Amino acid sequence: MRHNSVEGNKLEQTYMMIKPEIVAADSQKIGEILAMVQKNGFRINNLALKHLDKETVERFYAVHKDRPFFPDLVDYIISGPVVAIHLERDNAIVKLRELVGATNPADAACGTIRALFGEALSQNAVHASDSVENAKVELGIIFG
Ligand code: CMP
């Protein structure tokens, strides 16, 4: 594993996805979110506009497959294109989740991406991986 020069700060990979309601709204919001990510020290390793298919999204969110909201979640994510982003920085998982904020925009701290751009729990602007292991799986599903 690679480490950066500050001891204890691991260089990590993570996956972020800008969800359909943002992509459909206007491209300025995509730019503002990307600017926040870059200002916070993340390097963009890969970025693509993708319209995901049902099978891919079911695999991506498989951890939620028994939850009542799963069918609506899948239908929503396939409803339009998303911006898929492979990010890298030290402690990327924790740092991105801090920047993104709580799952429900109503609970997200001021200034976070979900507080600024999220509309509801089901339309919370972005997804961010919750662990190094899940980031690896998610990046594999989306980017191959
Ligand atoms: P995300 O981080 O993409 O991971 C799973 C998504 O399910 C989550 O963001 C929410 O947008 C969505 N979701 C919808 N309903 C719920 C719920 N009741 N609890 C948690 N997540 C939900």
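Predicted model: local features only at pLDDT ≥ 70, side-chain atom pairs only at ≥ 80, totals over all residues.

Mentor: Residues are numbered from 1 along each chain as its sequence is written, and side-chain values use heavy atoms, with hydrogens and water left out.

Trainee: Which residue has a backbone N or O atom 2.7 Å from an oxygen atom of the ligand?

Mentor: Polar contacts are pairs of N or O atoms within 3.5 Å. Lys19 places a polar side-chain atom 2.7 Å from a ligand oxygen, and Arg114 places one at 3.2 Å. The backbone N or O atom at 2.7 Å from a ligand oxygen belongs to Leu121.

Trainee: How much of the ligand's exposed area does the protein bury?

Mentor: Accessible areas come from the Shrake-Rupley method with a 1.4 Å probe. Taken alone, the ligand exposes 450 Å². The share buried by the protein is 79%.

Trainee: Why is the pair of Tyr15 and Phe60 called edge-to-face?

Mentor: Rings of Phe, Tyr and Trp (its six-membered ring) pair if their centres lie within 6.5 Å, and planes over 60 degrees apart count as edge-to-face. The centres of Tyr15 and Phe60 are 5.6 Å apart, and the pair is edge-to-face because the planes are at 70°.

Methods. Polar contact = N/O pair within 3.5 Å; in protein donor to acceptor, adjacent residues only side chain to side chain. Phe/Tyr/Trp six-rings, centres within 6.5 Å; stacked < 30°, edge-to-face > 60°.
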